[in-house]
Amino acid sequence: MKKVITGDHAVAIGAKLCRVDVVPAYPITPQTLIIEHIADFVNDGELDTKFLTMESEHSVMSAAAAASAAGARVFTATSSQGLAFMHEMLYATAPLRLPVVMANASRTLGGPPGIWCEYNDSMGARDSGWLQLYVEDNQEALDMIIQSFRIAEDKRVLLPVMPCLDGFVLTHTVEPVEIPTQEEVDSFLGPYEPDIILDPARPAMIGTFMPAEYIMELRRQTVAAFDSAKDVIREVNSEFSKKFGRDYGGLVDTYRMDDAKVALITMGTVTSTSREVVDDLRQKGEKVGIIKLRFFRPFPSEDLRKLVSNLDALGVFDRSISYHGGGPVYNEVRSALFGMKMPVINHFAGLGGRDVTEDQIFKMFELTSRAAKGEKVKEVNWHNTRGETV
Amino acid sequence: MFEVRFHGRGGQGAVMAAQTLAEAAVNEGNYAVAFPFFGAERRGAPVLAFTRIDEKKIYSKTQVYAPDCVVVLDDSLLDTIDVVSGLKPNGTVIINSKEKPDDIDLGVSVRTASVNATSIALEILKAPITNTAILGAFAKATGIIRIESLEASIKQKFGEKLGEKVGERNAFAARTAYEKTIIGTSRSVKKLEAKKQWLPKYQDYPIGAALIEGKTEAGLIGPGSFIENKVSGWATYRPLRDKEKCTMCLLCWFYCPEGTIIRISDRGDLMTNYDYCKGCGVCANECPVDAIKMVRARA
């Protein structure tokens with residue numbers, strides 16, 4: 001069935017179709033519609049879930065981790081300051097291997113306070129041990145909630161997953177979304193069956209104090225789970241694509257990359273707008289393409305090295321800053337491509353929710369193409385920023 | 001692709017209008033997206049919403065800068081906002097106004113449609129929520145969507161949220177507006193001035209965005225600068241106080257969220273500064289002796 005719905009609504013329907021057991025919730029713009037829709041589902045008897053209204057985001061993540069440890073399938077959603085407030089508990093969830101799924105509505109993390117899209121909220125959580133992915137439209141938002149539970153609960157992974165959707169640009173935008181049936185989702189995602197849970201009938205300890213003799217191995221074990229996650233993400237993607245007919249490419253997706261000489265790495269909704277720009281440039285005969293970075297954690301270094309091997313230059317879009325210079329994606333990409341000779345150019349745009357227009361994306365391709373021809377181009381470029389020239 | 005920009009005020013339902021239009025377009029077999037753009041949400045503040053309609057999937061996730069059609073849910077916005085900004089030369093403006101299109105001065109001569117959506121909304125819906133009525137005018141003036149499709153989407157969308165009766169009344173408001181819409185050409189007398197905005201380069205930015213009282217070419221900045229931000233245009237209603245009934249209990253003065261009720265201590269009296277009154281009606285609601293009545297700010 002096709003419905004014209006917001007990104008938040010799509011996420012809520014995704015969670016409902018996954019038959020989540022527990023949803024601890026706390027409102028924050030632009031995520032609030034998600035938990036409101038879920039509250040409606042529970043109220044209307046469409047969803048049998050324990051809906052907990054908590055007193056803060058810190059408590060939300062505490063409850064999420066605890067419920068997950070007790071064997072429940074747990075979903076929640078947050079954004080910006082809310083994600084920052086639960087930061088401590090994010091770090092508890094991953095190494096304890098609790099497969100919580102939490103949607104993050106990407107929003108600038110103040111100060112100064114703002115409500116629009118920027119990735120500095122989720123990028124601050126990149127080292128917390130959560131898998132992290134970014135979607136470009138409402139269909140992908142819904143589909144990735146379903147895939148996230150499959151990935152998170154896979155015995156080779158058992159890690160929390162944070163699907164991120166652009167605040168307002170998706171959360172409050174309506175567009176047509178194909179809603180899978182409950183039967184389809186049930187046959188794709190079985191019940192969550194953990195081996196060890198907190199159950200008085202069969203006592204267990206999860207998350208107890210650990211001295212130095214043990215933590216190092218636990219960290220190493222979590223890295224191994226991240227490595228396995230790469231294969232699981234690809235497997236889940238191809239199985240999903242067979243079942244539902246929508247293929248997202250796995251860790252990364254590409255657009256018109258076959259004979260591309262210049263490419264832009266994009267994330268979130270900027271990918272979608274960039275497709276139009278690439279079509280225009282292709283019509284003019286320019287060999288350009290897009291690499292859509294879907295998963296930021298685990299970071300798809302191997303995929304990227306393969307994809308860029310025939311490029312003359314690569315542009316990297318960043319929607320948040322690591323204050324020492326380049327953006328987090330840029331730093332990660334350069335590290336992944338270490339030893340490869342091509343110019344890699346960083347493009348900042350859309351911080352604080354500033355609209356990333358087609359003009360800006362054309363400029364990103366223009367600068368990157370100039371670097372490809374050997375012209376001197378600044379490594380880090382601030383687009384549509386007063387006082388900067390690009 | 002057909003692109004629409006809605007200008008409204010928080011509470012009039014511009015976002016819902018944009019979404020309903022998208023839904024109706026999808027039901028007619030097209031692809032459509034709709035999205036809002038607003039500041040921190042406040043009832044009465046200017047809001048923008050956009051709808052894009054095309055035969056194929058729409059990938060652009062940016063705001064609409066060159067609309068084919070501009071819809072204005074509140075003609076008081078014409079005083080402060082250049083609603084025709086970026087409008088395509090053959091574009092259409094649709095305005096909620098009691099004026100005929102040929103009497104509306106947009107500063108440019110463009111195809112214009114008008115309907116008194118506020119009156120229709122007050123009569124049929126008993127509330128100044130003009131979104132469904134203005135959609136009726138949109139159907140009439142653009143032909144992009146059939147009025148029947150709109151009625152169906154309104155019934156479905158509003159019905160789902162607010163009950164079947166409300167859905168039907170809103171569909172009727174759209175149909176009524178559809179029939180009453182007049183199409184003409186706007187006048188181009190007034191001089192359009194781009195609204196000045198203080199936009200410093202990062203090098204000139206105050207450190208940490210800390211502001212003291214200041215004056216720029218674009219107006220005041222810093223503390224007290226909101227004095228220039230008159231909001232009387234937001235109000236559908238404004239309070240009128242009956243001095244005979246008033247007992248000077250000061251509850252209205254205490255509860256006014258905007259501090260627009262001022263005590264004149266030497267006369268033991270009150271006055272309302274209508275420049276900053278948004279017409280919320282809290283004063284009238286709190287008055288224990290019913291001395292305050294809310295009256296239409298603009299008939």
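**Entry 1: helices in chain B**

I began with a pair of helices: helix 2 of chain B and helix 3 of chain B are oblique to each other. (Oblique is what remains after angles under 35 degrees count as roughly parallel, over 145 as roughly antiparallel and 65 to 115 as roughly perpendicular.) Helix 2 covers residues 117-124 of chain B, and its axis and that of helix 3 come within 8 Å and cross at roughly 130°. I took the axes as lines fitted to C-alpha atoms, for helices over the stretch in contact, with angles from 0 to 180 degrees between N-to-C directions. The crossing of this pair is right-handed. (A crossing is right-handed if the near helix is turned clockwise from the far one by less than a right angle, and left-handed if anticlockwise.) Which residues make the contact between helix 2 and helix 3 of chain B? I found B:Ala117, B:Ile120 and B:Ala121 on helix 2, and B:Ala133, B:Ile134 and B:Ala137 on helix 3. Contact means that the C-beta atoms of two residues, placed from the backbone, lie within 7 Å.

Before going on, a note on the source: this is a predicted model, where local features need pLDDT of at least 70, side-chain atom pairs count only at pLDDT 80 or more, and totals for chains, interfaces and linings use all residues. Residues are numbered from 1 along each chain as its sequence is written, while chains are lettered from A and ligands numbered from 1 in the order in which they are written.

Next I looked at helix 3 (residues 131-142) and helix 5 (residues 164-180) of chain B, whose axes come within 7 Å and cross at roughly 40°. That angle makes helix 3 of chain B oblique to helix 5 of chain B. Helix 3 passes helix 5 in a right-handed crossing. On the helix 3 side I noted residues including B:Leu135 and B:Gly136, and on the helix 5 side residues including B:Ala173 and B:Ala177.

**Entry 2: chain B as a whole**

I counted 7 helices and 13 strands in chain B. (Helices are DSSP runs of H or I with at least four residues, strands are runs of E with at least two, and both are numbered from the N terminus.) Chain B has a radius of gyration of 21 Å, close to the 19 Å that the globule rule gives for 299 residues, so it is as compact as a globular protein of that length. (The radius is taken over C-alpha atoms, and the rule is 2.2 Å times the number of residues to the power 0.38.) The C-alpha trace of chain B spans about 65 × 55 × 35 Å along its principal axes.

**Entry 3: where the chains meet**

I then checked the contact between the chains, which takes 21 residues from chain B and 21 residues from chain A. On the chain B side, helix 1 (14-27) and strand 2 (31-37) each supply at least two residues. Strand 2 of chain B gives the largest share of that side, 5 residues.

**Entry 4: one residue in chain A**

Last, I picked A:Met257, in the loop between strand 9 (252-255) and strand 10 (262-266) of chain A. Is A:Met257 buried or exposed? It is buried, with 20 other C-beta atoms within 10 Å. (Buried takes 20 or more such atoms within 10 Å, exposed 12 or fewer, and partly exposed lies in between, with C-beta atoms placed from the backbone.) Leaving out residues up to four places away in sequence, A:Met257 touches A:Ala263, A:Gly289, A:Ile291 and A:Leu307.

Note on methods: A crossing is left-handed if the near helix is turned anticlockwise from the far one by less than a right angle, and right-handed if clockwise.
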